[in-house]
Each structure stands twice: as C-alpha cells, then as structure tokens.
Amino acid sequence: MRPDRPVFVIGCPRSGTTMLQLMLHAHPRVAVPPETRFLLRAYYGRRAYGDMRQAANRRRLAEWVAGDQATRFGELGVDPEAYVRRVAEGPGSLGSVLGEAFRSYAGRFGKPRWGDKRPAYFQHVEVLLRLFPDAQFVHLVRDGRDCVASLKEMPWYTLDVHHAIATWAEAVDHGRRHAGRLPAGTYHELRYEDLTADPERELNRLCAFLREEYDPAMCEPRRIAPAAVPARKVWHGNTHREVTPARVGSWQIRLEPWEIALCEEVLGERLQEHGYELSGASPALPRHLLAYRRTAARRRLAQSRQRARDWVDRLHEPGPLAAMLTSGQLALAQVPAPRSSSAQLVDR
C-alpha cells in the first residue's frame, strides 16, 4: 500500500517553509496548501463545539471553518458547501472534521496525500499528533541570524528583535525534543542552506523519509507559485524565482552590530550545533541581554499557561480527537478501510 500519511511543514518563521511547501506541493502525490488559520483555533476551542460524533456538531464546526474569513479557508479553493456536507456525513472526530478540509484541497489536484504548513506548528506537534496520529513532520532549519533579519523586515511582524531571537531558539529547542522523542519515520529535519545549495540531493532524502519517489518538478517550485501562493503575500516574492542560496548569510548586512552580538551570545551554542559559524562579534551589552531574558521569560510563562489550560480541557474531552481519514488513522482506530477511496479525491 502506498503511503497516505499527512505531512506537516514546521520551522521558525522566515526559514523557507513556503518554499518547502511549494516543493512538496509540486510532487504528483502530495498537496500542501497555503497557510490556514483554523486548526489550532478549533483544537483549543473544541469544548465549545461538543462531541463530534454528533452530526449537528460536526456541521456547526465545519460551517465555522468554511465561513469565517479569519480561517483562510477561502484560499483552499474548496467548495464550502461540499466540504460541510462531507464533514456531516463523515467520521465523528475532531481530526476528521479538520482533516477533511485538507483532503478536499488535495482532491482538487487528484492527489492522495495532504498536509499543512504553518511555522508555529513546531510548538504544537503533540496537538497535531492527537488529531492526526500518523502524521509526518518536516522541520526546516535556517541560520537564526538570517531568520531574525528577515522577520524584522516583514510588514506583519510587530514584535521586536528579542521576540524574533526567542522564536528561533524555541523552534530549534522543540526540534531537538521532537528528534529524540518521536517514533522513527515521524520527524525529518533539513537545513535551508543545504536545500538551496543542492535541492535535488535534499529532496531525494526528504522523499525517502516520506516513502515517495523523487520527482524533478520539486526542484522548480516557482512554476506552481502563482497558483499556490496567495497574491496578497507579497513578502513571498522569492518563491516566484529559481531556488538559490543567494540570501544565505545576508544577516551580515541586515542586522545591526548589537543585534549580531545578541544573536550570537544567546544562540551561539545552538547555531554551532546546526553547523553555523559564529562571526566572533563582541559580547552583547548587559542591557540587551536583560531585555532578551525578560522577553524569553514572558514567552515561557504564556506557553506554560496555555499548556495548563489544555491539560484541564483534556480532563473534560468533549469527544474523539483522532482523524479517521487515512489508512493509518483507520487502522489505529480499528476501523476497516473502504475498498476504494478514489471517489473522495474529487470535489463533488
């Protein structure tokens, strides 16, 4: 049986995850859509929708997913009424309701595998595995100094450099834990610098992890960018060009000297562990270090509070979570797989 496991692209924002999303989407069997905004909101607000074994609750949640502009469902190009109908007629679990949106997106292209890309998912891998227990995760790592420099320039990024540095630190720390804890065949890590320098080699390795055959089209994501990257995302202009390592190391001219010093003081060990050389910048000033540590502490506190709230919610779980859409998910749920799923690949 050919694999049909969901694929999630994770990593620090501005690490090249959109480029990787397009590379995967260029594969003839895999569909990874533009970023959505409903999966985590639905999970953390799941108690409001009740038991998904009840069709009325599934329909209510699906109508929110398909109808709320903030979810970005419209960018999937999926018929909302058809999606709601399939959810109401489908399996009774939260993961099934949410996964059907991605499966419907894959159906637009006649592809059997689906996934999602959102950098912030690196903090929520455990949540994603509760929803999609057979999921695979692809973590793209980029030089933290380049990520920080790029985040600073984004029109949507309203936080300061201390938050940007903390985000990269959290991403690689989570990646280290995922690599050590997740079962074999679940987590794959690659570097942006290696991917842009030799796309064919790195994508062959990625396909081996996914148990898919490599396809040369994956090396030319720009060919599908016009259709797969929303026009409003002007900051993804590089995805419309050839894959190139030209931006590697551009932090040297995009960061202020004090920012380089702070990055290397805070991230130095992590950078070196991932193969990045330090510049030998002067030590960061105490006031910059103090500001960073305060920011990092506030972020840790906020994340601890979210985990505590979720722990309470888990004591009062409103219904089943695990999706029942793929062969692996059905096997885990001890549900016989349908004889043929080809009809599910086409929007009705």
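Three cavities of 30 Å³ or more are present in the structure, a cavity being a set of points on a 1 Å grid over the protein atoms alone where a 1.4 Å probe fits but cannot get out. The largest cavity holds about 50 Å³ of space, volume being the space filled by probe spheres set on the points, with grid points joined across faces, edges and corners. The model is predicted: local features need pLDDT of at least 70 and side-chain atom pairs pLDDT 80 or more, whereas totals for chains, interfaces and linings use all residues. Residues are numbered from 1 along each chain as its sequence is written, and side-chain values use heavy atoms, without hydrogens and water.

The lining of the largest cavity (residues with an atom within 4 Å of a point) consists of Arg46, Gly50, Asp51, Met52, Leu94, Glu317, Pro318, Gly319, Pro320 and Leu321. By class, 5 of these residues are nonpolar, 2 polar and 3 charged, with Gly counted as polar and Met, Leu and Pro as nonpolar.

The protein contains 15 helices and 5 strands, defined as DSSP runs of H or I with at least four residues and of E with at least two, respectively. Its radius of gyration, 21 Å, is close to the 20 Å given by the globule rule for 348 residues, so the protein is as compact as a globular protein of that length; the radius is taken over C-alpha atoms, and the rule is 2.2 Å times the number of residues to the power 0.38. The C-alpha trace spans about 65 × 45 × 40 Å along its principal axes. Of the 348 residues, 53% are buried (under 20% relative accessible area, 1.4 Å probe, protein chains only).

How values were computed:
1 Å grid on protein atoms, 1.4 Å probe; cavity = no way out; pocket = protein on both sides within 12 Å on 5 of 7 lines; lining within 4 Å. Buried < 20%, exposed > 50% of the residue type's maximum accessible area, 1.4 Å probe, protein only.
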